[in-house]
Amino acid sequence: MLKIGIVGARGLSTVLGFRDIEGVDITALCDLNEDVLKQYSQKYNIPHTYRVYEDMLDSDIDAVVIGSPMQCHVPHAIAALEAGKHVMSEVTAGVTMDELWWLIENVEKSGKVYMYAENYCYMPDMQVVRNMVRKGVFGQVYYGEGEYLHELNGLFVYGNGKSSWRSYWQCGKRGNFYPTHSLGPVMQWFEGDRIASISTFSPGQHYVSSKISNVRLRQDDTTVTMINMESGGLIQIRVDCMSLRPHNLTYYQLQGTQGCYEAPRGLGDVAKIAVNDGDPNGFREWKPLRDYYDKYMPERYMKATDEQKNAGHWGGDFFIVQDFVNAIRTGCKPEIDVYQAAEWTAVGLLSELSVTNGNRLMEMPKFRKNMPLSEQIIKL
Ligand SMILES: NC(=O)c1ccc[n+]([C@@H]2O[C@H](COP(=O)([O-])OP(=O)(O)OC[C@H]3O[C@@H](n4cnc5c(N)ncnc54)[C@H](O)[C@@H]3O)[C@@H](O)[C@H]2O)c1
């Protein structure tokens, strides 16, 4: 039996996924909040509860799902790896560049699986588009775009009136501090490539949302980050957690030599592609992406039940768990490994330096195996 422990209630979105796999169970839940522990251990029938994380690590669990606030991810991951547990971590991977290197070193030292839980990569449409990219439907991809527009006003203050971690570690920072929902799926279209440099732009801070928080939020209202790929490809991501506007967490677009894809932007719009699909003029006319589901949707998604599809984030929270367990059982590379986690997260960390220094171009360090200390630096 593979025993899983969860730290932070957010990790509970994985329960359905784990319990669907034979020989796997959630046996422990850790949260500082007694009420959360009581409520959810009963709801999900989880036998062991802990307020102190280290106590959960002393138990016989094999793996930890980290769903605690962002600033706890690296400390919680390192403690788990040192205790001999596999790790699946919520986004983002860490909150400083040093943390990312510490994380990589500890994953390498431990020999345990670290998987980055970027669930947006697992949304059905993202899986279809990725499959089409792999099969060459769009030709060579040279441009990708992602947008995460999520006004967070309700989340800066807890019910008891105290400031939440998001006031500091998500929106208390300049730049684009939460990049990977918009970036992750796009990076998967550039398989085998790496980020060479980034530059971030913003219209400044108008502090509309900060009236709701106890603290003065530093985040730019909107940031646009331009990402140069080593291959010459270009990615643009926009993140906006401040502006008063409807949510749109999942806008993406792709351009390749043989066609393009655009996600819906609201008001009845649908996901669509235009490709040279036997018709040389095909690239001039949109067709709904759903027309291609039968051919390009991975089999496990086609077979999924409604309950699985509704497991959270359009089914993403369900399927990601299967890949984590698969990596533990087979020893294969986790679908999103620590090096990808570090590179994607570093876009946000470097964006802070870029936007506060005249949109300066920031070189991306090479997050690769056994990098020497001399490479573990931020180059100005
Ligand atoms: N992937 C996604 O789609 C997605 C969605 C929402 C949140 N998240 C991520 O999940 C994480 C949690 O976000 P949230 O909105 O659930 O936050 P939250 O503040 O609502 O909940 C955090 C929980 O962690 C507990 N906690 C805090 N410190 C702890 C500690 N040291 N030990 C044990 N428990 C601790 C808190 O008591 C609380 O129950 C964040 O990293 C966030 O980025 C990801």
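Author: First, a term: a residue is near a molecule or strand if its C-beta atom, placed from the backbone, lies within 6 Å of it. This is a predicted model, where local features need pLDDT of at least 70, side-chain atom pairs count only at pLDDT 80 or more, and totals for chains, interfaces and linings use all residues. Residues are numbered from 1 along each chain as its sequence is written.

Reader: Great. Which residues come nearest the ligand?
Author: Gly8, Arg10, Leu32, Asn33 and Glu90, out of 21 residues around the ligand.

Reader: And how does that shell divide into nonpolar, polar and charged?
Author: The shell has eleven nonpolar, seven polar and three charged residues. Here Ala, Val, Leu, Ile, Met, Phe, Trp, Tyr, Cys and Pro count as nonpolar, Asp, Glu, Lys and Arg as charged, and the others, Gly among them, as polar.

Reader: Changing topic: what domains is the chain divided into?
Author: Domain 1 covers 2-117 and domain 2 covers 121-298, with bounds from an automatic or database domain assignment. Their centres, taken over C-alpha atoms, are 27 Å apart.

Reader: How many residues does each domain give to the contact?
Author: Six residues come from domain 1 and six residues from domain 2. On the domain 1 side, four are nonpolar, two are polar and none is charged. Contact means that the C-beta atoms of two residues, placed from the backbone, lie within 7 Å.

Reader: Now glycine 315. Where is it found?
Author: Glycine 315 sits in the loop between helix H11 (306-309) and helix H12 (316-330). Helices (H or I, at least four residues) and strands (E, at least two) are DSSP runs, numbered from the N terminus.

Reader: Is glycine 315 buried or exposed?
Author: Buried, because glycine 315 has 24 C-beta neighbours inside 10 Å. The cut-offs are 20 or more other C-beta atoms within 10 Å of its own for buried, 12 or fewer for exposed, and partly exposed in between, with C-beta atoms placed from the backbone.

Reader: What does glycine 315 touch?
Author: Leaving out residues up to four places away in sequence, glycine 315 touches Pro124, Ala304, Gln308 and Lys309.

Reader: Last one, asparagine 106: which helix is that in?
Author: Helix H5, residues 97-110. Asparagine 106 also counts as buried, because 20 C-beta neighbours lie inside 10 Å. With residues up to four places away in sequence not counted, asparagine 106 touches Ile78 and Leu81.
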